Amino acid sequence: RDLSASCAVHWRDSPTPALTLRCVVRDDVHAQPFGADPANAAKTWRGDSLQLALHPLPPHGGQAPRWPTLVNAALTEAGPRLYRHRAHDGSAPGVLSDVELQIQRDERSATTTYRLTLPAARFGLGELRHGAVVGAAVLVNDRDGAAAGRPPRREGFVRWGGGIGDSHDPGRYGWWVLGPP
């Protein structure tokens, strides 16, 4: 198969409260021509990459962040890059270099493994605890390079949750309900 993915989410409350997303993506061809130059990192969604959208749901009718957070992780020629397109607090878009990010490609098995650890405070996730709810969507972009006679472009994607890929709508995200750490 050309593209499939399996993902899991974990959380911790110490030493720093954080969510960790691990996805194993099966993709016959790895193609990521963007992002080696940080000036082009905003375009990494056009190549093989993983997009994550987060919008925590506040407990007991509290105030949700005004904006969702949207990041894109990609294995570029310069190594792993995490680009923030949108932040819960309105922070500027840009490459995030101070977040735990591991991306490894295994050509033999045609898999790419992504592991992102996102500190709760930095990403506006509120208090991580058993029963907390986070609105989320995960999307894996596929690009196999340029086909004869066609410009190189994103060929498609697979996703969990809606609201990204064909729109930007947190109301269509799925819910992660946190179990015990």
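**View 1. Surface and charges of the predicted model.** The accessible surface of the protein amounts to about 9,200 Å², with 49% of this area belonging to carbon and sulfur atoms (Shrake-Rupley method, 1.4 Å probe). The mean positions of the 21 positive and 18 negative charges lie 3 Å apart, where Lys and Arg count as positive and Asp and Glu as negative, while His and the chain ends are not counted; each charge is placed at NZ of Lys, CZ of Arg, CG of Asp or CD of Glu. This is a predicted model, in which local features need pLDDT of at least 70 and side-chain atom pairs count only at pLDDT 80 or more, whereas totals for chains, interfaces and linings use all residues. Residues are numbered from 1 along each chain as its sequence is written, and side-chain values use heavy atoms, leaving out hydrogens and water.

**View 2. Strands of the protein.** The secondary structure comprises zero helices and eleven strands (DSSP runs, H or I of at least four residues for helices and E of at least two for strands, numbered from the N terminus). Along the principal axes, the C-alpha trace spans about 55 × 30 × 30 Å.

View 3. Asn72 is placed in strand β4, residues 69-76, and counts as buried because its relative accessibility is 0% (buried means under 20% relative accessible area, 1.4 Å probe, protein chains only). The side chains of Asn72 and Ser49 are joined by a polar contact of 3.4 Å (a pair of N or O atoms within 3.5 Å, of which, within protein, one must be able to donate a hydrogen and the other to accept it, and residues adjacent in sequence count only if both atoms are side-chain atoms). Beyond its neighbours within four places in sequence, Asn72 has contacts (heavy atoms within 4.5 Å) with residues including Trp45, Leu50, Arg81, Tyr83 and Asn141.

Terms used. Buried < 20%, exposed > 50% of the residue type's maximum accessible area, 1.4 Å probe, protein only.
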